[in-house]
Amino acid sequence: CLAVVGEVGAGKSTLVHLIARLFEAPEGSLFLDSRDLRTIPLSRLRASIGLVSQDIFLFSETIRENILFGRPDATVQDMEEAARIAALLPSVQEFADRFDTLLGERGVRLSGGQKQRTALARALIADPPILILDDAFSSVDVQTEDAILRELRAARAGRTTILISHRISTVKDADQIVYLREGRIVEQGTHGELLARESHYHRLYRR
């Protein structure tokens, strides 16, 4: 689990876009398992990545169809488990039509936090080897975020997880944390190591 933090405009989301090849990185600059990212077929790369970004897009279909977009052949049990891990299941159970609730244009019937959790369930159900969460909890309260992160610790076993956030609570348990500034890594280490240095990360923590 790698966490990426930094001020607004530091390049955190740009890095995510480079990994998913929404932007092309210069040749020989970005690698996946020691292989230049640009040599991996785009369809294979994208199929390996579950991305939940800041800008959530939901179809004006049902909750079920939005989640299963990530894996149309998934079972009901798979869908419910993904919704449970994403802390979406309690919200779904409050709707009269449950998973068959129509969302309307861009998920208008859901709150910002519910949209993020629906997008997370959609990413999880696809069971990708790489899970990228780009500020995916910005509209979720801290208690719900903590519950999701606890569930994700088990769900992310055996996969690479990249967390992009400005919240220390989101990133403190990551194996490695990098601090970006103006597109460059200026600090790297664990939560404890970075606090001990009393530099950029420590100032973010204090704020």
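Patches here are made of residues with over 30% relative accessible area and no salt bridge, with like charges joined within 9 Å and nonpolar side chains (Val, Leu, Ile, Met, Phe, Trp, Tyr) within 5 Å. A salt bridge is a side-chain nitrogen of Lys or Arg within 4 Å of a carboxyl oxygen of Asp or Glu. Accessible areas come from the Shrake-Rupley method with a 1.4 Å probe, and for residues only the protein chains shown count as cover.

This is a predicted model, in which local features need pLDDT of at least 70 and side-chain atom pairs count only at pLDDT 80 or more, while totals for chains, interfaces and linings use all residues. Residues are numbered from 1 along each chain as its sequence is written, and side-chain values use heavy atoms, with hydrogens and water left out.

Here are some points to look at, colleague to colleague.

1. **The nonpolar patch.** Leu22, Phe23 and Leu51 make a nonpolar surface patch of about 260 Å². Leu22 sits in the loop between helix 1 (12–19) and strand 2 (31–32). Helices (H or I, at least four residues) and strands (E, at least two) are DSSP runs, numbered from the N terminus. Leu22 counts as partly exposed because its relative accessibility is 48%; buried means under 20% relative accessible area, exposed over 50%, and partly exposed in between (1.4 Å probe, protein chains only).

2. Six strands form an open sheet in the order 4-5-6-1-7-8, with mixed pairing. Its edge strands are strand 4 (49–52) and strand 8 (184–189), each pairing on one side only. From one strand to the next, the twist averages 15°. Axes are lines fitted to C-alpha atoms, for helices over the stretch in contact, and angles run from 0 to 180 degrees between N-to-C directions. Two strands pair if DSSP finds at least two bridges between them.

3. **Strand 7 and its partners.** Strand 7 (residues 176–181) pairs with strand 1 (residues 2–6) in the parallel sense over five bridges, and with strand 8 in the antiparallel sense over five bridges. Strands 7 and 8 form a hairpin with two residues between them, and Glu182 in the turn has a positive phi of about 50°.

4. **Positive phi at Asp33.** Most residues other than glycine have a negative phi. Asp33, not a glycine, has a positive phi of about 50°. Asp33 belongs to the loop between strand 2 and strand 3 (35–36), and is exposed, with a relative accessible area of 74%.

5. **Arg98 and Thr101.** Arg98 also has a positive phi of about 50° without being a glycine. Arg98 is partly exposed at 46% relative accessibility, whereas Thr101 is buried at 2% relative accessible area. The backbone oxygen of Arg98 is 2.7 Å from a polar atom of the Thr101 side chain. A polar contact is a pair of N or O atoms within 3.5 Å; within protein, one must be able to donate a hydrogen and the other to accept it, and residues adjacent in sequence count only if both atoms are side-chain atoms.

6. **Gln116.** Gln116 lies in helix 6 (residues 112–125) and is buried, with a relative accessible area of 3%. A polar atom of the Gln116 side chain lies 3.5 Å from the backbone oxygen of Asp135.
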